Each structure stands twice: as structure tokens, then as C-alpha cells.
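Subject: Handover of a structure for your review

Dear colleague,

Please find below the structure that I am passing to you.

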Amino acid sequence: MNKLRLALYIGIAAVCLLGFIFPYQHPHFWWQKIPVFDAVFGFAGCIAIILFAKTLGHFWLTRDEDYYD
Amino acid sequence: MINIVPPAFIYFIGACILPFLPGRRMKQALALLIPVIAFIDLLHMPHGVYWTYPFLGYELVLGRVDKLSMVFGYVFVIISFLSILYAIHIREYGQHVAAYLYVGSSLGVVFSGDLFTLFICWEIMAAASVFLIWYGRTKASLDAGFRYILVHLVGGCILMAGIVMQVVQTGSIGFSMFDFGTTAAKFILVGFIINAAVPPLHAWLPDAYPEGTITGSVFMTAFTTKSAVYVLARSFAGVEILVWLGAVMTIYGVVYAVLEKDLRRLLAYHIVSQVGYMVCGVGLGSQMAINGASAHAFCHILYKALLFMGAGAVIHVTGKRKMTDLQGCNLYRKMPLTLALYMIGAFSISAVPLFNGFVSKTMVVAAAGKLDRPAIELMLHLASIGTFLSVGLKLPWGTWFGKPDGIANEISPAKEPPINMLLAMGLTAFLCIFTGVYPKPIYDLLPYAVDFHPYEAGHVVAALQLLLLTAAAFWIFIDKLMAGKPAVSLDTDWFYRRLGRALFRFCNFPLQRFSNSIRSFTTGGTARLADFSRNPAAVLELLWNKLQGKAMSDKYPAGRIHPANNRPFPIGWGVCASILFLFFYGLVYLRLFTFF
């Protein structure tokens, strides 16, 4: 497990670095010019999706399995 | 002169003769041969409009063949072969018949050039596919099948209404771009988007697909939604509302998938999400966007079938369908091949570079960028994070790995699925990687010339950043994601499952009671009126007595106003009165007649 974690860290460091070397060739929006935008967006977006879905589930959507029976 | 037949007929004829062939091997051989014949047929179909038949003063067109219809035609035939290979061990041949009627009718939809043919094929699709759910033979699949067919029949009625309006207004049954301003077009659009599973009309999909048979659901992932995408691309390209519906769809499916524990229901929510990219692309309407939508339909059909095959293999072997039952069972030791093949599908749907989702999904996103739609681009981007989170990380973790929950829940008989299942998965996985590494064959099929290069360095790096950081966030929240017992998530099917039932109860109980009370009141009233007319004099006398506070008269003991043998008027009086009435009525009638 620790090896996998290490690999993940190295991978993240590598792609963030590569982001500076290889920018978007045809950026349409300002954020595509930021080298690590996709990394930040991926991390924040993933957490946002999890928290949003879980909150929605907790307060509203989730019901017992026999709800429709 | 065209010697070939419509590909739909190949499937229809095959489905009709399949059950009557002797021997299991013969049946299997024919089942595998039908898609091969259909593929050869497709290769020989020139572009153009043919197979036209006059019908009630209109012209039915069974073959409107151009690049757009060919993309869908090819992928439908390819996936029908892979799906039937996955299902070839099934001895219940009715399933194959239903599947081939379903495939044939969706090919009919794709090549139809008029609204009548389209509608007929549309309905056969619904009627044939519901059997793939009912063959599940559980109460849940029976109920889900009924809900599925009811939703599709409602959709069919709305479509029919739109078609009738369209034909009345324009006098033509041609199926081409509609003028979105007309009511007819709006009805037709609603009919189409029910099949495309666009929220809030999508709930039939995650409701029904997980209840189908293991092999039937693989068929279902390919045809209904994607034929709807085709008809949308054919007739509603560039309609603005589809852009937003599509973008919302992508995120809607992703959010629900986070809550889901049922393997195939999670994947079904990701069909909603992925079809969102196609609907959005159709709405954007530019050549690149339509190309993207078509390419994504092609790739999606391949990897989604592979994902359903993988999940289906686990269910087939273990008999368990929820991550809560599977996590911690260390299935990766017993089904490593299935895991590997599933992961190819998962990487494809997540748009990992070198897998086919990357060459098609990015085209839709790039089209949104090119048209300068920042909000849409970000929404589509966000949805692809959720896709990797649920399909690429959560599902495989919860199914093949996961922490044991204290109980030694080893699934002892678990092993790799039958060889035909593995073979079908292997071929599909090969196609996913092949088209991912070398997308030219797909790009050549697309309706417009492609000017898009997915493998630009910056593009690839950005995709890897997105995916790796999603994995990091998953790692942090892994326990939170896996926590919780199996549950149902409320969705728009609540309206017909709970509200519908509440309406039924309301009709049954208070409304019925109200109706009964009205009935007893009115029948009681008539009974009293009948009493009164039997003996008006007695009733009046009794009332008079009551008003004066006198005791009941001896003549009518206990208020009985018509004691036996106590008729105040002989029967002749009645006869006499009616004859007189008739006489005067006749007199008045005649007078009126002569005067006017």
C-alpha cells in the first residue's frame, strides 16, 4: 500500500512538472493557460462531488432499501 | 440494382428461425452468424436513399444511408456480435430472439428515412427489450420491466402525437431536421429525450437496467439511448436546450453514482452521465460537436458494454450484486482476468490517454471550448472527474478489493466466468484499446471531416493531472465513500412509484368512500321519492300530523305509509291519469306542429 502511495505522489509531482513543460497548445479560456489547473481542478472537483453527493444523500435522497416495497 | 436487404431484416429473420433450428450448436452458430452477415451487408450498402415503398399515399424509406447513419450502424452490428458472444452459453433461446428483435429494430431506427418507419421500429425496440428485463425472472425484474415498458409506451404516445401533428402541418412524413419552433417538433423532441434518458425523464434507465438478465443488460446499454442520440443528431442538431440538458445530465449521473452500491445501477447512472456528453454535443451543433457526439457514441457503446460485461461476470459467478456484499472478499485473487478487462473499460470511460474514451470525449469538450462556452466546458470537465471516481476507482475497489468488515466473507466458489464471456470481454477490450491508440478508423467514419488531434502533449498532461489528483482525493475519502449500508436513492421515478401509489390509495380509500356516500344518499333519496309517489296522501297526512305534534295515526302503524291492501286509489285511476296525460300531450304536440 505504501509503495502505491509513493507511486501516486511521484506521479502527481511528475505530471505537475510536465504541466509547466507542455502547456495547452490551443487554450480557449484563461484557466487553460495555468500549468497545474487540471490538477487543482481534479482534486477540488473530486472532493466537491463527494461532499455534495454525500450531503444530498444524507439529508434527502437516501432511503431504506424497502422504501418502494 | 441493390441486391442487399435492410440490415434490420437480417436480424428479424434470424430471430424468427433461431428457435426452430435443431441442436444447440446450430443455434449458437446462427446467433453468431447473423451479425457477421449484417456486417457484410453494411459494407455493401452505398450511400443514398433506397428501399422505398409506397404506403397509404406516403413513401416509406427503409434505407437512408449516409455517414451519420453508418457510424451508428457499424457500432450497433459490432456490439451485437460481442454481446451475443457474451450470452452464447444461455440455453433460453427466447433471450436471443428478444435481443435480436431489439438490435434489428434499432438498426431500423438508424436507417429509417421517414417518421412512420421510425415510429414502428421505435416501438418494437421497447417491446423487445422489456423481455430482456423480464427474463431476469424475479419480482424486482418483473416490476421494473412493467415500469420500463410503461414509460416507453408513454414516450411512444408523445412521439406519435408529435408525428401526427408534423404530418398534418407539413403533409410530409420525411424524417430530417425539424423546425424547433413548432409544437409538433417539441412533442417529437420529448419522445426522443425519454429514450435518451435525459433528466428528469431518465429514471427508467437506472431503474430497469440493473434488473435485467446479466447478458440482456449488456445489449440494453448499447441500443436504446444511442439510437435516441442518433435521432437527436439527425433532427435536432444545434438546439440550445440540448446543450444545457446534456451538461446537467453528465453531472446528474455522476452525483447519483457516488451514492450507489449496486454495481450495475452505478454503471447505469454513468450511462446517463456519458449520454449527456453526446446530447450536449448534438445541442452544440457544430461539425466538430456532431463528430464528437457520434464518436463518443461509438466508443461509449464499446466500453459501456465491457463494463456491464465485467460487472455481469462478477454477479454471474458470485450471485452478489452489491459492493457491500463483495468488498473484502479479495475477488482480485480469484478473478484477476475479469478485473483486468473491467479496468480497460474503466480507463476508457474515464478518458485515460490510450483508451478510446480519450479520443471521443475530449472532442466534445474541445468543441464546447471552440464555441466559447466556458460553463459547459467546465461542467463536462467536472463530470469526467466523477466518472473516474466512481467507475475507475470506487467500483473496482469495492468489488475486487476493499476492507473486510470483520466477518470472514470469502466467496469460495468464485472463479473466472465461462470462456465465452471472457472472450467477448477480451475482444471488446481489444477494440477499446485499439480505437484509443489508433482512432483513425473511427474518425474516418464520422459525418464530417475531422480536424482534431487528441494526443497533443499539453492535452495528455492535463488529462493525467486530472486523473491522478482525482485518485488522490479518492484515497482521502475512501472510507467515507465505502461507508453506509445498501440503500435506495430517491430519483424522479419517485413520482410514479410513490406518488402514483399514493394516488392509487387516494382513489381506493377516501375517493371511493366519498363516492359510496353520494351513492347511498342518492339511492336513499330515490327510495323516499318512490315511497312518496306510492301514496302521496299518506305521506302528507303523516307530515301534517308530525307538524301538529299529534301521535302517529292508527291507519299507518310505525310510520309505514303503504301497508298491504291499503291502496287509497284503485289501479284504474292510474291508467285513466296516464291516458289523459297522453291525450293532452298529443294535443299540445299537434298544435305546436300545425302552428310552426
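Between which helices of chain B is the loop that holds B:P200? B:P200 is placed in the loop between α7 (183–195) and α8 (204–208) of chain B, where helices (H or I, at least four residues) and strands (E, at least two) are DSSP runs numbered from the N terminus. I return to this loop below.

The model is predicted: local features need pLDDT of at least 70, side-chain atom pairs count only at pLDDT 80 or more, and totals for chains, interfaces and linings use all residues. Residues are numbered from 1 along each chain as its sequence is written, while chains are lettered from A and ligands numbered from 1 in the order in which they are written.

The two chains

Chain B contains 24 helices and 3 strands. Its C-alpha atoms fill a box of roughly 110 × 70 × 60 Å along the principal axes. The radius of gyration of chain B is 33 Å, whereas a compact globule of 596 residues would have one near 25 Å; this radius is taken over C-alpha atoms, and the globule rule is 2.2 Å times the number of residues to the power 0.38. Of the 596 residues of chain B, 51% count as buried. A residue is buried if 20 or more other C-beta atoms lie within 10 Å of its own, exposed if 12 or fewer, and partly exposed in between, with C-beta atoms placed from the backbone.

The domain assignment, which is an automatic or database one, divides chain B into domain 1 (1–152 + 214–227), domain 2 (237–488) and domain 3 (497–595). The C-alpha centres of domain 1 and domain 3 of chain B are 65 Å apart.

Chain A has 2 helices and 1 strand, in the order α-α-β along the sequence. With a radius of gyration of 19 Å, well over the 11 Å that the globule rule gives for 69 residues, chain A is more spread out than a compact globule. The C-alpha trace of chain A spans about 55 × 35 × 15 Å along its principal axes, and 25% of the 69 residues of chain A count as buried.

Where the chains meet

The contact between the chains takes 40 residues from chain B and 37 residues from chain A; two residues are in contact if their C-beta atoms, placed from the backbone, lie within 7 Å. Among the elements of chain B that give two or more residues to this side are α10 (240–259), α17 (374–400) and α20 (457–476). The largest share, 16 residues, comes from α20(B). The side of chain B that touches chain A divides into 26 nonpolar, 8 polar and 6 charged residues. Here Ala, Val, Leu, Ile, Met, Phe, Trp, Tyr, Cys and Pro count as nonpolar, Asp, Glu, Lys and Arg as charged, and the others, Gly among them, as polar.

The core of chain B

The largest nonpolar core has 208 residues, and B:Y102, B:V229 and B:L232 are among those with the most contacts inside it. Such a core is a set of buried Ala, Val, Leu, Ile, Met, Phe, Trp, Tyr and Cys residues joined through C-beta atoms within 7 Å. Helix α12 (residues 287–318) of chain B gives the largest share of this core, 21 residues. Domain 1 (1–152 + 214–227) and domain 2 (237–488) of chain B both contribute residues, so the core lies between them. Leaving aside neighbours within four places in sequence, B:L232 is in contact with residues including B:F192, B:A196 and B:V279.

Helix α12 of chain B also holds B:C299, which counts as buried, with 29 C-beta neighbours inside 10 Å.

Backbone details

Most residues other than glycine have a negative phi, and most peptide bonds are trans. B:L56, in the loop between β1 (48–55) and β2 (58–65) of chain B, has a positive phi near 50°. B:L56 is exposed, with 8 other C-beta atoms within 10 Å.

With kind regards
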